[in-house]
Each structure stands twice: as structure tokens, then as C-alpha cells.
Amino acid sequence: MAGNTFGQLFRISTFGESHGTAIGVILDGCPAQLPIDLEFIQSELDKRRPGQSKITTQRKESDTVQVLSGTFEGKSTGTPIAMLIPNEDQRSKDYSHNTDVYRPSHADYTYDAKYGIRDHRGGGRSSARETAARVAAGAIAKLLLKHYGIEIFAHVAAVGKITAPNLDGDNIAELLASREANIVRCADPATANQMIEFIDSVRKDGDTVGGKINCIIKNCPVGLGEPVFDKLHADLGKAMLSINAVHGFEYGSGFAGSDMRGSEHNDIFLATGDAPKTLTNFSGGIQGGISNGMEINFTVAFKPVATIMHNQQTINAAGEAAEIKGKGRHDPCVVPRAVVIVEAMAALVLADHLLRNKTSRL
């Protein structure tokens, strides 16, 4: 299935299922001599792993990564980097009730209709468990971007209708410390407390809620992105929409820009004597599909997790009416654990375009 591969020069292929032996990724195209910080890769996986707090799934996975190839003496060798993350806490019996029943708003029916077979245990390949592989590869992409001074920061900007104030992205280190100080991963402490209380109340109701993640990219060089089909914002959008439960992507002014006049929306260039800057940044750091050197800013919207602990009407594989109720361990809100996934996918896109841009001119 070609749909398991992402990127052109900096390219990943992921494999594995939610209740299989392991999740894994093969990363091809990483330049040689890049220092590979295993502790950093593991720390990124720790931000995504289940069982972190009362507002996440209680599945217990250490998500301990094993690097199988592509490194020597702490550096990349230029050959494929293979990483494996064993599954340790599968409870397949939790899914015995939906062997032949389609869960509402899950991929059960569409996978069955497409392939004629599906792994009902946690959704198999459609499970968000697969994103652990992306985070591992994204950590290496971040190490490559760090070499060029590029920083990526994301945080939970909204849960349901609770919305955090817009961030000033000037001090990423400060924002990161503030984000990691709370279990919902919102960089605004006051809003974080409201979000945590709300998610916990939704969990106690046996229900779920959606949210939004805002991402800021600093120090991105001018020129990343292609002029037509591989525009930088288009590839970022594809990357974000490939994440489980994502239902929306907007960059810069986003949908709000459609309410404005051109005289309001145009980003006026300033004569600074150095690299060109703009007075505003409604373009979100991307113009004509190519980065312009300003801060890249985008937001990703996540739907509520589809598994709820309520009885719901559905159908079975024979097309007959049926009833189902969620069982097992599930996130009441996916966004706290998805922050690092958003960062990982953004890093993979930028790493790929960074390498591609080296061929753009003599």
C-alpha cells in the first residue's frame, strides 16, 4: 500500500497495527553525519505515549524505541534508519464485542468495504497507535531542523469551546516550559486548568470532546515549498489531515481571511536593511506556496474521539440493525497527546522540503 509512505527525499514508511507485535518506521534519505540523540527521540515518544494522566487513555505502553539500523557511533550513516516500538499492553478481548459490528464514525465499515477484511482489535492499522512511528521519525527530522536553527512549537489552543489566547511565539523555550507544566499541554496556565476540568467531566460522562492545536514554526528559511502542486502549506495540510481524528487545517488568517478586504489582508513589506519582513503575517509565513521567512503559523482541528461509553445504534456486517457500546481504554480528548504528533508531521514536511530546496538553483 503506497499510502504508508510519506515524503520524497526525507521519506518515511510506517508499519504495524494497534494490537500487533510492534509499530515501526523506516526513514530513508536522512543525510549522513547527523548526531542521533536517542534520549531526545525517547522523550518525544514519551509525550505521545498512553497512560500519562487521568485525561488520557489508561493503556500502559512504555513506547521504548529500538533503533535497528542506519546509525553508527551516534551518527546517521546515510542508510535507512529502522526503528521499532513494541506493543506491550494489548487487550484484544476489549474488542470482541465489535467483531462483526461497525462502530459509528470509525474506519470499521470503510476498511471492510475496501479490503474485504479488517482487524477489529483497536482498529488495526487505522488506530492512532500508528502515530508513534511518525513521532519517532519526526524526532530525527527535528534534529535535522535544529542543525539549521529551525524551531517548531505546538500546544493545545482549544478544547470544545474553551479557547486559549493567541500566543506570542518570540520565546519558544518559555512556551515549551509552560506547556509541559500541565497535563493538557496548553501553554496558557489559566486556560489549561479550565480545559483539564472540562475534559475530566466529559470523561466521567462516558463521552468525548474535540479540540484544536496551534503550531508555530520559527526561523524557517525563505524558499521552502514548490510553486504548484507541492506548495508548502498544501504539504503541511496533507500531513496534518493524515493524523487520526483531524477534520480541519488552516494557516495564517485561515477562514477568517475570507471576511477581510485586500487592503486589510495584504502583508506590507518593511525596509529593514536585512532580510525582508512584513508588517502583518496574514499569509502565515507562506506566499505562493513558498516560505517567506516570517513565522509559519497554522491550526489543526480534531474531532471528538469516536469511541464513547454510551449505547449507540449501528449495523453489523450483514447490514442488520445492531447496538454497540464502547469498551476498553480510550482518550476522552485526543489533543493533549496529539501535540507532539502535529510537531512531528510538521518537522517531516520541513525536513523534506529543506533537502528538496538544495536542488532549486545553482
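Okay, ground rules. Residues count from 1 along each chain as its sequence is written, and side-chain values use heavy atoms, with hydrogens and water left out. Since we're on a prediction, local features need pLDDT of at least 70 and side-chain atom pairs count only at pLDDT 80 or more, while totals for chains, interfaces and linings use all residues.

Overall, then. We've got 8 helices and 18 strands, as DSSP runs numbered from the N terminus (helices H or I, at least four residues; strands E, at least two). Of the 362 residues, 51% are buried, meaning under 20% relative accessible area with a 1.4 Å probe, protein chains only.

Now, the inside. A nonpolar core here is a set of buried Ala, Val, Leu, Ile, Met, Phe, Trp, Tyr and Cys residues joined through side-chain atoms within 4.5 Å. The largest one has 78 residues, and Phe10, Ile140 and Phe302 are among those with the most contacts inside it. Helix H8, residues 335-357, gives the most to this core: 16 residues. Another core, of 5 residues, lies apart from it and includes Phe153 and Ile172.

Take Phe302: leaving out residues up to four places away in sequence, Phe302 touches, among others, Ile243, Val335, Ala338 and Val342, a contact being heavy atoms within 4.5 Å.

Last stop, H1, residues 38-48. Its buried residues include Ile41, Leu45 and, look at these, Glu44, Lys47 and Arg48. What do they pack against? Strand S7, helices H3 and H4, and H8 again. And at the start of H1, a side-chain oxygen of Asp37 comes within 3.1 Å of the backbone nitrogen of Glu39.

Notes: Buried < 20%, exposed > 50% of the residue type's maximum accessible area, 1.4 Å probe, protein only. Polar contact = N/O pair within 3.5 Å; in protein donor to acceptor, adjacent residues only side chain to side chain.
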